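Good morning, and thank you for coming. Please look at the sequence and the model on the screen while I speak.

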Amino acid sequence: MENLTEQDRALLRALQQDARITNQELAERAGMSASACWRRVRALEEEGVIRRYATVLDAARAGLSFHAIAHVTLTRHDHRHVDTFIAEVGRRPEVLDCFAVTGEADYMLRVMCADLDAYNRFLEAFLFRLPGIANVRTSLVLKGVKQETAVPL
């Protein structure tokens, strides 16, 4: 969906703030009828603008106190190594985000686990065993300064 209307943007901002908002309240915030609002939200879902609904957790209170950024460099960009890396990383629950990046590393992973021991197990039993891994540099997250899930509209 290429062109979002201002009403679409209002709907999406409200849903990003609180996905449990009622359809009636959402319609009021966007200045539209409840039935038109329901149809528009469904269309945004069908078009893939709204991918899913989620709950944001406090990681530390959920027992996940270790947070790191892993900068991964591949030995070479053989499509088999790249495809395997992407598929395997996608299956790991510790990996919250994976980005192909420019610069010294090829990929950046945001990893969260219970503690340093769990991260070491992730590295040794999983990441270091993937074919084509040349180097992994880890940056520890000391504290969160800003974490946002909402897309700026």
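Two strands pair if DSSP finds at least two bridges between them. Helices (H or I, at least four residues) and strands (E, at least two) are DSSP runs, numbered from the N terminus. This is a predicted model, in which local features need pLDDT of at least 70 and side-chain atom pairs count only at pLDDT 80 or more, while totals for chains, interfaces and linings use all residues. Residues are numbered from 1 along each chain as its sequence is written, and side-chain values use heavy atoms, with hydrogens and water left out.

I begin with the hairpin. The strands β2 and β3 run antiparallel and are joined by 5 bridges. Within this pairing, F99 stands opposite M108 in β3. Between the two strands there are 6 residues, and G103 takes a positive phi near 110° in this hairpin.

I turn now to the aromatic rings. Rings of Phe, Tyr and Trp (its six-membered ring) pair if their centres lie within 6.5 Å; planes under 30 degrees apart count as stacked, over 60 as edge-to-face and the rest as tilted. The structure holds 4 aromatic pairs. One aromatic cluster is formed by F66, Y119, F122 and F126.

Which charged end sits over the ring of F126? It is that of R92, 4.5 Å from the ring centre. A charge sits over a ring if NZ of Lys or CZ of Arg is within 6 Å of the ring centre and within 35 degrees of the ring normal.
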